[in-house]
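Please look over the model below. A short report on its layout follows.

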Amino acid sequence: MTSPLLIFALGVTTNRGGGLIRAGRPAPVASRSRSSRMSEAEEKAVGKLEQELSAAVAAEDYSQAAALRDRLAALQMDSEYGALSANSEFYRAFSERDVEAMRRLWLPSESIVCAHPGHEPIVGFDAVISSWRDIFRSAPAGGLEVAASSVR
């Protein structure tokens with residue numbers, strides 16, 4: 001099963017000469033399948049838990065089903081925490097113009113895509129990181145103020 005790890009959409013404002021400039025919604029897309037976040041053994045363990053849960057429900061063993069449900073929910077919470085942590089780190093890297101932190105956030109793959117506002121999508125790890133480097137170099141001296149407008 002493939003599910004997006006994280007899609008950022010943000011609005012950027014810059015304070016330049018007392019005025020605010022709204023700069024659209026860049027949306028770097030770093031998608032990873034569940035298997036790219038988990039080892040093969042972890043992936044098998046989750047599948048086994050899901051099968052055991054189905055079997056427990058079918059057998060009407062609800063106490064066992066509840067315990068299995070809770071174990072699966074804990075795994076899901078770990079995934080949600082990871083997404084929230086990545087989101088926080090992205091905004092920190094963006095606000096501080098930290099190219100190296102941005103590099104650590106993106107999947108080192110030629111299949112990643114980043115869509116900055118007003119530009120064609122950028123494909124590939126090196127090109128995406130280069131685009132962030134260019135943005136950070138050209139940012140106004142007053143800095144960048146970042147506000148989340150949509151996080152999925």
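## Basis

This is a predicted model, in which local features need pLDDT of at least 70, side-chain atom pairs count only at pLDDT 80 or more, and totals for chains, interfaces and linings use all residues. Residues are numbered from 1 along each chain as its sequence is written, and side-chain values use heavy atoms, with hydrogens and water left out.

## Whole chain

The protein chain has five helices and six strands. Helices are DSSP runs of H or I with at least four residues, strands are runs of E with at least two, and both are numbered from the N terminus. Their order from the N terminus is β-β-β-α-α-α-α-β-β-α-β.

Of the 152 residues, 32% are buried. Buried means under 20% relative accessible area, exposed over 50%, and partly exposed in between, with a 1.4 Å probe and protein chains only.

## Helix α2

Helix α2 covers residues 40-58, 19 residues in total. From first C-alpha to last, α2 reaches 27 Å, close to the 27 Å expected at 1.5 Å a residue. That expected span is 1.5 Å times one less than the number of residues.

Val46, Leu49 and Ala56 of α2 are buried. Seen down the axis, the buried residues of α2 fall within an arc of 90°, so they line one face of the helix. The arc uses directions from the helix axis to the C-beta atoms. On the other side of α2, Glu40, Lys44, Lys48, Gln51 and Ala58 are exposed. Glu60 follows α2 and has a positive phi, near 60°.

## Val113

Val113 lies in strand β4, residues 113-115. Val113 counts as partly exposed, because its relative accessibility is 30%. Val113 and Val128 are 15 residues apart in sequence and 7.3 Å apart in space, C-alpha to C-alpha.
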